Every structure is written in C-alpha cells, then in structure tokens.
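Please look over the sequence and the model shown here before reading on.

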Amino acid sequence: METKLFQYFNNTLTEQEKAEVEAWINSSEENQKIAQKLYWLCYASDSLQVMQSVDTKAALRKVQGRIAASRRRVIWNRVSHIAAMLFIPVVAIALWSISNEPPIEVEEESVQFIEMRTTSGMVSCVTLPDSSKVWLNSNSYLKYPVRFEGEERCVELVGEGYFDVAKDEAHKFIVKTNAMTVEVLGTAFNVDAYDRSGRDTRTTLVEGSINMTFDGDDNREHIVAVRPGQRVSVDPVSHKWNIRRVDTSNTASWKEGCMVFNKTPFSEALRMIENRFNVEFVVKNPNYYEHNFTGMFTDQRLDIILEHFKRSSSMRFKTIANYDTSNVKGYQIIEIY
C-alpha cells in the first residue's frame, strides 16, 4: 500500500485506484496517520529536487476533506521532524507541527512549516507556496509555512537569501531576521543576515520597493523606505544603522555559484568568502583594508581563491582553528597576516 500511496500523492493512479486508496485511508485512524506521514515524505523529496511541480497539496486537501467530513478531528499527533537527505548534499528539510500539544477536537488544522538548510559551499533555490522564489547561500536557513494564510506571507531567514517575490498587493511579503524585518509587495532584494558576532545585517534592494523595520540605537523603532540601489545595514547588538547606495550588479552573483569582485573593498571581499565557505577571517594587519580586488571565481576551492589573493598582494593566510569548538557555529578560523 505504501507504493500506491506515493503514486496517489504524485497523481499517477487511475480514478478507480484513487478511490480504492481513499477508501483504505478512511477505513481507520491508523491508516490516516500512515497516509499523512507518507505525504510529507513525498513532499520533502520533491522539495529537495528543486521543488518540482507535483500537486500533492491538492491531493492532501482532498483526503483531509473526506476525513474531516466523517470524523471532524485533527489527527496530527505531533508531527516529528522529518529530514530528507537525498544524494544531493544541499538541503535538509524538516516539517513539523507548530503546536506541541496532543491532538484535540478542533475544526482547523494546525499550521505546518518547512525548514530548509544549505550546507557549506552550496546554493539552493526554493519556490514558495505563492510562487515567489528564494535562493539560499551557503550555510543558510529558511522557514516558511506549507501554505500562506491570512493577510501576510511571512518567512524567517538566518544567513543569506535572494528573494524574487511574486506580486500580490493584497498580501504583504514579510522577511524576519535577527535584526530587521523586511516588508514588500513584490520585488527583488538580497538579505545577508548570518548570525555571527560583530556582523551587521544587510538588505540590498535590486528592484521594486521595500520597507525596513528595526530598533535603532536611540531605542526607537525605525521604518525606512528603501529604493533600488540602496543598502540598509543594522548591527543586531548596538542597533546602529546606516543606508547608502551600492552597485547591485553583482549583489546576488553568489546565487549563480559565482563571486564577482569589481574593485571590491577588502572587507567586502572577505565577507563574500566567509558566506560562501563558512569561515571567519582574523585580520592582523589593518593596512590590508586599503586593498581593492577585481576578478571572478566560480567553482574554485577556498585554498585556490586564497592563493590568488596571496599572489596579488603581500598578505599571507594561516588556519588557526579548524572548526573551533569555542564558537557554536563551528566555522573555520583563518588568520591574515
């Protein structure tokens, strides 16, 4: 029956076979639990394969409608985290119930979320329920609901993400990070919100318009309207912030697997490398911050990229901690001297 269920959720059965599967599902509560668990496994598997189009949501709603008509009982029994790791080591997905309470008699089902994580050096793309697209940079995390409900489309981000938001004037799109909230109706922008000590959180608008909300260093909430070509930076600890114009032509080059430097300041170049390879640089010579770099890297390893930096300047690199256990993120620490 497991094979038939997967075929059912992938909409590959005949009408007679569908009726037989639905009859089996409705025959007992245990069968309903099995069906829903297999549904989530099917959904997670499709998500990992770049969210290929399978109408599993409609199939699940159809099953749930039949169940609700006969029982009117939510049968979710605290859905446990589901991690679907396939042969592509890019994303781990966890699906869970927002409620930790046991099943109770209600008529509305609890909200379900999808959690995506990218590994070091990898970039992944996901299509959200509203058809918006999000590219996740290395070592990033995105949480969003299985379907958007209410007046807002809300997601949470840790790390770096490029958003191409589907326009919907009736439903605002909200991105929550550690230091700011981005509100938009339909546009393209990049958010860099890695959870690292001493790092500011940045949002760069490529096109359209967005509103930024954050707590400033004056203990007041600020709402800033951002225009294309502007970047807002907020320190999550001191709450100091600034807004300035930037060249957005290479803002999201990382989503194509590239790092493009065009007279890029040393500090910005290091930040891009840190994001890509999950490392942290400790700069011992402040004079290096006067350097700018131009060039493009695609699939090169970290050691090859650092060798290019070494040849173009007098700087040297030394690994001083391999995934140091003193920092909770476990990133490699490299000293520049």
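## The chain as a whole

How many helices and how many strands are there in the chain? There are six helices and 19 strands, where helices (H or I, at least four residues) and strands (E, at least two) are DSSP runs, numbered from the N terminus. This is a predicted model, in which local features need pLDDT of at least 70 and side-chain atom pairs count only at pLDDT 80 or more, while totals for chains, interfaces and linings use all residues. Residues are numbered from 1 along each chain as its sequence is written, and side-chain values use heavy atoms, with hydrogens and water left out.

The chain has 337 residues, of which 46% count as buried; buried means under 20% relative accessible area, exposed over 50%, and partly exposed in between (1.4 Å probe, protein chains only). Its accessible surface comes to about 17400 Å², and 48% of this belongs to carbon and sulfur atoms, the areas being computed by the Shrake-Rupley method with a 1.4 Å probe, and with only the protein chains shown counting as cover for residues. A contact means heavy atoms within 4.5 Å, and among contacts between residues at least 6 apart in sequence, 49% join residues at least 24 apart.

## Confidence in the model

The predictor's confidence in each residue is given as pLDDT, from 0 to 100. Its mean over the chain is 78, and 72% of the residues reach 70 or more. Confidence is lowest in strand S1 (residues 91-97), at a mean of 42, and highest in S7, at 97.

Two stretches should be read with care. Over residues 43-59 pLDDT stays under 50, and the model has 36 contacts beyond four places in sequence for them; over residues 324-328 pLDDT also stays under 50, and there the model has four such contacts.

## Nonpolar cores

In soluble globular proteins, nonpolar side chains tend to be buried together. A nonpolar core is here a set of buried Ala, Val, Leu, Ile, Met, Phe, Trp, Tyr and Cys residues joined through side-chain atoms within 4.5 Å. The largest one has 31 residues, and those that touch the most other members are Leu 128, Leu 142, Val 155, Phe 163, Phe 189 and Met 212. Apart from it lies another core, of 20 residues, among them Phe 261, Ile 273, Ile 305 and Phe 317.

Which residues does Val 155 touch, not counting residues up to four places away in sequence? Its partners include Leu 128, Leu 142, Phe 148, Phe 163 and Phe 173.

## Aromatic rings and charges

The structure holds 12 aromatic pairs, counted for rings of Phe, Tyr and Trp (its six-membered ring) whose centres lie within 6.5 Å, with planes under 30 degrees apart called stacked, over 60 edge-to-face and the rest tilted. Phe 148 and Phe 173 form an edge-to-face pair, at 6.4 Å centre to centre and with 70° between the planes. This pair links distant parts of the chain, since Phe 148 is in the loop between strand S5 (141-145) and strand S6 (152-164), and Phe 173, 25 residues apart from it, is in strand S7 (residues 172-176). Both residues are buried.

One aromatic cluster is formed by Phe 261, Phe 266, Tyr 288, Tyr 289, Phe 293, Phe 297 and Phe 309. A charge sits over a ring if NZ of Lys or CZ of Arg is within 6 Å of the ring centre and within 35 degrees of the ring normal. Lys 143 lies in this way over the face of Phe 113, at 4.6 Å from the ring centre, and the charged end of Lys 318 sits over the ring of Tyr 337, 5.6 Å from its centre.

Val 232 is found in strand S13 (residues 230-234), and it counts as buried because its relative accessible area is 0%. Among the residues that Val 232 touches are Met 180, Thr 203, Met 212 and Phe 214.

Thr 204, in strand S10 (residues 201-207), is buried as well, with a relative accessible area of 2%. The C-alpha atoms of Thr 204 and Val 246 are separated by 8.2 Å, although these residues are 42 residues apart along the chain.

## Two exposed loop residues

Is Ser 131 buried or exposed? At 53% relative accessibility, Ser 131 counts as exposed; it is found in the loop between strand S3 (124-127) and strand S4 (133-136), and it has a positive phi of about 80° although it is not a glycine.

Asn 219 lies in the loop between strand S11 (210-215) and strand S12 (221-226). Asn 219 is exposed, with a relative accessible area of 77%, and its phi is positive, at about 65°, although it is not a glycine.
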